[in-house]
Amino acid sequence: MTRLLTVLAGVAGALGVALWAMSAHRAGSDILSTAANFLLLHASAFLALALVAHVRLLARGWLMLAAGLLITGLALFCGDLSARVFLGTRIFPMAAPIGGTLLLAGWLALAFGGLVSRPPRG
């Protein structure tokens, strides 16, 4: 799990930097800049989740749920925003709002998992 989350952090970070650079060279692409910001923010979150997984501060089920919701939400949200700029269309109706809702759910799953998980014993 830590390896996967670390890979996802690297991919999200690289995509975030690439989209940010593209948004600087494309007129009126504030929407692309938003996607870049979300990717870069969540790249750090995936690294933090990898660390949490490594030291086992969160029950595996909660960690997997939070990570899955964050990954899916990020793909839908950022994918839809990017599709609007590059393809001139949406992935599907309501993709970005669904993605945003899944991102919120992922963060809440992380919070709830932290509340109910027991830290490992010495």
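## Starting at Ser117

Let's begin with one residue. Ser117 sits in the segment after helix H4 (95-116); helices here are DSSP runs of H or I with at least four residues, strands are runs of E with at least two, and both are numbered from the N terminus. The model is a predicted one, in which local features need pLDDT of at least 70 and side-chain atom pairs count only at pLDDT 80 or more, while totals for chains, interfaces and linings use all residues. Residues are numbered from 1 along each chain as its sequence is written, and side-chain values use heavy atoms, with hydrogens and water left out.

Ser117 is buried, with a relative accessible area of 12%. Buried means under 20% relative accessible area, exposed means over 50%, and partly exposed lies in between (1.4 Å probe, protein chains only). The side chain of Ser117 reaches the backbone nitrogen of Ala59 at 2.9 Å, and a polar atom of that side chain lies 2.7 Å from the backbone oxygen of Gly113. Leaving aside residues up to four places away in sequence, Ser117 touches Leu57, Leu58, Ala59 and Trp62, where a contact means heavy atoms within 4.5 Å.

## The overall picture

Stepping back, the protein has four helices and zero strands, giving the pattern α-α-α-α along the sequence. Its C-alpha atoms fill a box of roughly 55 × 25 × 15 Å, taken along the principal axes. Of the 122 residues, 36% are buried.

Among contacts between residues at least 6 apart in sequence, 68% join residues at least 24 apart. The protein exposes about 7100 Å², and carbon and sulfur atoms supply 70% of that area; accessible areas come from the Shrake-Rupley method with a 1.4 Å probe, and for residues only the protein chains shown count as cover.

## Helix H2 and its neighbours

Helix H2 covers residues 30-55, which is 26 residues. From first C-alpha to last it reaches 38 Å, close to the 38 Å expected at 1.5 Å a residue; the expected span is 1.5 Å times one less than the number of residues.

The buried residues of H2 include Leu32, Leu39, His42, Phe46 and Leu49. The buried residues of this helix pack against helix H1 (2-25), H3 and H4. After H2 comes Arg56, whose phi is positive, near 55°.

The 27 residues of H3 should span 39 Å at 1.5 Å a residue, and the end C-alpha atoms are 37 Å apart, which agrees. Just after H3, Gly88 takes a positive phi of about 75°.

The structure holds one salt bridge, meaning a side-chain nitrogen of Lys or Arg within 4 Å of a carboxyl oxygen of Asp or Glu. Asp80 forms it with Arg84, and their closest N and O atoms are 2.9 Å apart. Side chains of opposite charge can pair when their charged atoms come close. Because Asp80 and Arg84 are four residues apart in helix H3 (residues 60-86), about one helical turn separates them. Asp80 is buried, with a relative accessible area of 0%, whereas Arg84 is partly exposed at 28%.

## A nonpolar patch

On the surface, Ile91, Phe92, Met94 and Ile98 form a nonpolar patch, with about 340 Å² of accessible area together. Patches are made of residues with over 30% relative accessible area and no salt bridge; like charges are joined within 9 Å, and nonpolar side chains (Val, Leu, Ile, Met, Phe, Trp, Tyr) within 5 Å.

Ile98 belongs to helix H4 and is partly exposed, with a relative accessible area of 37%.

Terms used: A polar contact is a pair of N or O atoms within 3.5 Å; within protein, one must be able to donate a hydrogen and the other to accept it, and residues adjacent in sequence count only if both atoms are side-chain atoms.
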